[in-house]
Number of protein chains: 2
Amino acid sequence: MGTKERRAREKEQLRQQILVAARELFVNEGYENISMRKIANKIEYSPTTIYLYFRDKADLLDSVCQETLLNLLNTLEQLKRDESDPVEALRKSGRTYVEFGLKYPQDYKLTFVIRPQFQKGLGLEEGSVGEKVFNYLREMVSACVQQKRFRQMDVETTGQVLWSAVHGVTLLLIDFPDFPWTEKYELIDTVIHTTIEGLKA
Amino acid sequence: MGTKERRAREKEQLRQQILVAARELFVNEGYENISMRKIANKIEYSPTTIYLYFRDKADLLDSVCQETLLNLLNTLEQLKRDESDPVEALRKSGRTYVEFGLKYPQDYKLTFVIRPQFQKGLGLEEGSVGEKVFNYLREMVSACVQQKRFRQMDVETTGQVLWSAVHGVTLLLIDFPDFPWTEKYELIDTVIHTTIEGLKA
DNA sequence: GATATAATATTAACACTGTAAAGTTAGATT
DNA sequence: AATCTAACTTTACAGTGTTAATATTATATC
């Protein structure tokens, strides 16, 4: 009697379909330029069907961003074991973080700048994917501090400083693509390098 | 024959009135939640009158952001002469920058994150206020490099690294107010201090 | 002072938005 | 076969940015 299961599966499939369509549209044309009707058209359902799967447009955005965070987490965790030197591992993580942001610039902005405007609950609460991403950073930093590779400082603060740096450079590169930046990857590496040196000093 | 001048003055006054109303509404309720009609209501004119003064809603946002940049520039330039030590001056500028962002969080976001989404021309082109703000940063950095207080590095890149750091911490503090940050001003100072130390190293 | 002219503001309208409520349909359960 | 239920659609509403046409006002000219 697997009909119930099949139904559940189908339901989940449509949910995914909506998410895929929404992400693609949001990313390519911007959250504010996409209407529920456009999403509905793309999946060939009526607009209101979406509301059976998502509370409202902000909730849909929320779900898209959750996926993005999961994506980011997976990308980061693939690095984990590769490196024995914790400082080098941290450097690589930082670079991967920024590269992720530049590879999916609109997803990154959606998640880290647009979403907070709509969804007040920061998405970093306990058990959330967002928290896991930050935990990853904590771990990386912690290893450096434990091995006394960094000047003695609160692990939390250290992590936050690093996050500020990579977040900042990512957003600047995304938002002002025409600014006469230093060569992109040189800048990214310099930002990370400078911050890490500053943490050692 | 001052009637022409008076007319021009009146016109400019209404323009200002619109700008003031728009800023207040954008800042308090978010750009996307404010309609032209709401702005019109506030100034007690019909909605379409606004279009006699601004091309469209994005242009209005643009003008609001120009003002914000001017504001930021003035705030920064007030510091200029106070300090003889260039590194200390840079530190203070950085702190002032972030404080400005936190004092007017929505204006900051409007200018540095929302606006780029609508207005493709980054607002940092030659002669613009945005460029002047960056020039201010350039000067500060340049003084440090000239006095050999920083490790030998391109002035441009150095400035961009600093901007990344302060931009990053500003936005994180704005967008995730509920995150368990290290005490706000301690974090800001640590970010700036770490970056500057990194630039010395 | 009456009239033409230019500047400024408004009204009406269009196509589109997010979303609530009610209506429809198809498949599962009895 | 009748009923129930989940999935989906239709309809509707109040609000959106913006344009074109119109109206109103203030100035300049006669």
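Reply: Happy to! A nonpolar core here is a set of buried Ala, Val, Leu, Ile, Met, Phe, Trp, Tyr and Cys residues joined through C-beta atoms within 7 Å. Please keep in mind that this is a predicted model.

Me: How many residues does the largest nonpolar core have?

Reply: Among the residues with the most contacts inside this core are A:Val166 and B:Val166. Helices α4, α6, α7 and α8 of chain A, together with α4, α6, α7 and α8 of chain B, each supply at least two residues. The size of this largest core is 46 residues.

Me: And how many residues are in the second, separate core?

Reply: This second core includes A:Val64 as well as B:Ala21, B:Tyr31 and B:Val133. Its size is 42 residues.

Me: Which residues of chain A does B:Ala165 touch, leaving out those up to four places away in sequence?

Reply: B:Ala165 is listed with those that have the most contacts inside the largest core. Within chain B, B:Ala165 touches B:Val191, B:Ile192 and B:Thr195. Across in chain A, the partners are A:Ser164, A:Ala165 and A:Gly168.

Me: Which element gives the largest share of the side of chain B that touches chain A?

Reply: On this side, 36 residues of chain B are in contact with 36 residues of chain A. The elements of chain B that give two or more residues are α5 (105-118), α7 (155-175) and α8 (184-200). By class, the side of chain B has 18 nonpolar, twelve polar and six charged residues. The largest share, 13 residues, comes from α7(B).

Me: How many charged residues does the surface near DNA strand D have?

Reply: 20 residues surround DNA strand D, and A:Ser46, A:Thr48, B:Ser35, B:Asp56 and B:Lys57 are the closest. By class, this surface has six nonpolar and six polar residues, and the charged ones number eight.

Me: Which residues are the closest to DNA strand C?

Reply: 18 residues surround DNA strand C. Two or more of them come from each of α2 (36-43) of chain A and α1 of chain B. The closest are A:Ser35, A:Asp56, A:Lys57, B:Ser46 and B:Thr48.

How values were computed: Residues are numbered from 1 along each chain as its sequence is written. Chains are lettered from A and ligands numbered from 1 in the order in which they are written. This is a predicted model: local features need pLDDT of at least 70, side-chain atom pairs count only at pLDDT 80 or more; totals for chains, interfaces and linings use all residues. A residue is near a molecule or strand if its C-beta atom, placed from the backbone, lies within 6 Å of it. Ala, Val, Leu, Ile, Met, Phe, Trp, Tyr, Cys and Pro count as nonpolar, Asp, Glu, Lys and Arg as charged, and the others, Gly among them, as polar. Helices (H or I, at least four residues) and strands (E, at least two) are DSSP runs, numbered from the N terminus. Two residues are in contact if their C-beta atoms, placed from the backbone, lie within 7 Å. A residue is buried if 20 or more other C-beta atoms lie within 10 Å of its own, exposed if 12 or fewer, and partly exposed in between; C-beta atoms are placed from the backbone.
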